[in-house]
Amino acid sequence: MNTEDHDEDSPAERKMRFLFQLRSRGVTDPRVLEAMEGIDRGLFIRGQFADRAYEDTPLPIPCGQTISQPSVVGLMTQALGPRPRDTVLEVGTGSGYQAAVLSGLCRRVYTVDRHRRLVQEAELIFQQLGLSNITAQVADGSRGLPDQAPFDRILVTAAAEDPPGPLLAQLKIGGIMVVPVGQSDAVQTLIRVTRTETGFDYDELRQVRFVPLVEGLGQT
Ligand code: SAH
């Protein structure tokens, strides 16, 4: 039997295995684990890949995009360190899963994607789950969201060649941005940028692989 072949498991067993995988890959913050335990990743994946929702793997979603690997969602959320009163901007709504996880950890989440279809589908799931502190919007997130800025935390879930200037400018002093940086089709480095009184501090966290941050809006 393939180790990923657990079709016979009960939902409780699946959930336990899902959380075990997260912990074994370094997601140890109890608040993050609790938030991820509360959001069923299976709701965010439709079609032929739906039965793989509880594996620690990225999966295809519409518009040629991907839902991130759960352990990467956990590690990025942990690095971001959202606090209960924070306003957070996520760039790259995708399936909506990462925004739903953030929703339980902060006061307000703004999430933007360049594909209308992804924003609309994610909004339906947020409504279904009663996650009323998330606002999803079609926008080019490389420009940030000037009307709602500044933000306590910014999470970019698509890879940029450099941390986008408008996003740095929309970070509060003391604020943190987590962003994968590097050439779009290669391995990228996840970095954490902290805005100080006088500038920005940069920490390199780990290697990751994300779809590229693309300027402008998508066709769908
Ligand atoms: N966070 C998502 C996964 C994101 S995949 C999840 O939890 O499922 C990356 C997403 O970034 C894609 O949906 C892509 O459309 C979006 N994206 C790429 N460039 C963008 C831009 N400039 N502005 C907004 N969204 C962008």
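The largest pocket of this predicted model has a volume of about 510 Å³. A pocket is defined on a 1 Å grid over the protein atoms alone as an open set of points where a 1.4 Å probe fits, with protein on both sides within 12 Å along at least five of seven lines; lining residues have an atom within 4 Å of a point. The volume is the space filled by probe spheres set on the points, which are joined across faces, edges and corners. Of the 36 residues that line the largest pocket, Thr66, Thr157, Ala158, Phe210 and Val211 are the closest to its centre. Among the elements that give two or more residues to this lining are strand S2 (65-67), helix H3 (70-80) and strand S9 (200-208). Helices (H or I, at least four residues) and strands (E, at least two) are DSSP runs, numbered from the N terminus.

Residues are numbered from 1 along each chain as its sequence is written. As the model is predicted, local features need pLDDT of at least 70 and side-chain atom pairs count only at pLDDT 80 or more, whereas totals for chains, interfaces and linings use all residues, and side-chain values use heavy atoms, with hydrogens and water left out.

The largest nonpolar core has 45 residues, and those with the most contacts inside it are Phe44, Tyr97, Phe126 and Val178. Such a core is a set of buried Ala, Val, Leu, Ile, Met, Phe, Trp, Tyr and Cys residues joined through side-chain atoms within 4.5 Å; buried means under 20% relative accessible area (1.4 Å probe, protein chains only). Helix H3 gives the largest share of this core, six residues. A second, separate core of 18 residues includes Tyr110, Leu145, Met177 and Val193. In the largest core, the contacts (heavy atoms within 4.5 Å) of Phe44 beyond four places in sequence include Ile61, Tyr97 and Phe126.

Val193 counts as buried because its relative accessibility is 0%. Beyond four places in sequence, Val193 touches residues including Leu168, Met177 and Tyr202. Val193 and Gly47 are 146 residues apart in sequence and, C-alpha to C-alpha, 37 Å apart in space. Gln188 likewise counts as buried because its relative accessibility is 0%. The side chain of Gln188 reaches the backbone nitrogen of Phe210 at 2.7 Å, and Phe210 is one of the residues closest to the centre of the largest pocket.

How values were computed:
Buried means under 20% relative accessible area, exposed over 50%, partly exposed in between (1.4 Å probe, protein chains only). A polar contact is a pair of N or O atoms within 3.5 Å; within protein, one must be able to donate a hydrogen and the other to accept it, and residues adjacent in sequence count only if both atoms are side-chain atoms.
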